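Subject: Structure for you to look at, with notes

Dear colleague,

I am handing over the structure below, together with some notes on what was found in it. Please read the notes with the structure open beside them.

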Amino acid sequence: MEKEINQPGADQEIQALKNQIADLRKEAAKYRINAKNSSAENQTAQEQLKSLQEELALTKKENLLVKRQLLLDKAGCIKSDLVANIIPEDCQDIQLWIDEYKRENGILFKQEENHGGGFKPVQINNLSPSELMNTFIRQAAGR
């Protein structure tokens, strides 16, 4: 003897379960879409992070190069942009390296000029070109 399930309460219960299953399927679909989107966003964020890290590394390298060029310029290097490229990456004391390089390759560095600003002989007058010309004319005229 089989019992029939065609009872009015059972049909409503089955329909309610079917509706609940449909709602759960919709919710699961939303979660799958959100998971897919968040994975795409995560991948985009990872790519942006990688790009920023590469840009930071490049900026650090350029900053180091500029600092080295500045030190070479202060040392009087004529071609600091070229010399800065041959400084080893792992150089610990750049100033020492520059001093040694300057001793070995003096031609690439400006010669230090000594103006000797402290000595002035008593007999010599420091005249402007205009004053020198006036003195010459006076002497030529016999005055």
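Helices, taken as DSSP runs of H or I with at least four residues, and strands, taken as runs of E with at least two, are numbered from the N terminus. In those terms, the elements of the chain run α-α-α-α from the N terminus on, which amounts to 4 helices and 0 strands.

Please keep in mind that this is a predicted model. The chain averages a pLDDT of 83, and 85% of the residues score at least 70. Confidence in the chain is highest in H3, at a mean of 90, and lowest in helix H4 (residues 129-141), at 80.

As for the chain as a whole, 11% of its 143 residues count as buried, and its accessible surface comes to about 13,100 Å², of which 53% belongs to carbon and sulfur atoms. Among contacts with a separation of 6 or more, 38% are accounted for by residues 24 or more positions apart.

The largest nonpolar core has 12 residues in all, namely Leu72, Ala75, Cys77, Val83, Ala84, Ile87, Cys91, Ile94, Trp97, Ile98, Tyr101 and Phe109. The element that gives the most to this core is H3, with 4 residues. Leucine 72, one of the core residues, is in contact with Cys77, Ser80, Val83, Ala84, Ile87, Ile98 and Phe109, if its neighbours within four places in sequence are left aside.

The aromatic residues deserve a separate paragraph. A search of the whole structure finds 2 aromatic pairs. In one of them, the rings of tryptophan 97 and tyrosine 101 have their centres 5.0 Å apart and their planes at 10 degrees, and because planes under 30 degrees apart count as stacked, this pair is stacked. Both residues lie in helix H3 (residues 94-104), where they are 4 residues apart, about one turn of the helix. Tyrosine 101 also forms an aromatic pair with phenylalanine 109, this one edge-to-face, with 6.4 Å from centre to centre and 70 degrees between the planes.

Serine 80 has its place in helix H2 (residues 80-83) and is buried, with a relative accessible area of 10%; apart from its neighbours within four places in sequence, serine 80 is in contact with Gln69, Leu72 and Asp73. Proline 88, by contrast, lies in the loop between H2 and H3 and is partly exposed, with a relative accessible area of 31%.

Finally, H4 has 13 residues and reaches 18 Å from its first C-alpha to its last, which is close to the 18 Å expected at 1.5 Å a residue. Just after H4, glycine 142 takes a positive phi of about 85 degrees.

With best wishes

Conventions
Residues numbered from 1 in each chain as written. Predicted model: local features only at pLDDT ≥ 70, side-chain atom pairs only at ≥ 80, totals over all residues. Heavy atoms only, no water. Buried < 20%, exposed > 50% of the residue type's maximum accessible area, 1.4 Å probe, protein only. Contact = heavy atoms within 4.5 Å. Phe/Tyr/Trp six-rings, centres within 6.5 Å; stacked < 30°, edge-to-face > 60°. pLDDT = per-residue confidence, 0-100. Expected span 1.5 Å × (residues − 1). Core = buried A, V, L, I, M, F, W, Y, C linked by side-chain atoms within 4.5 Å. Areas by Shrake-Rupley, 256 points an atom, 1.4 Å probe, with all protein chains shown as cover.
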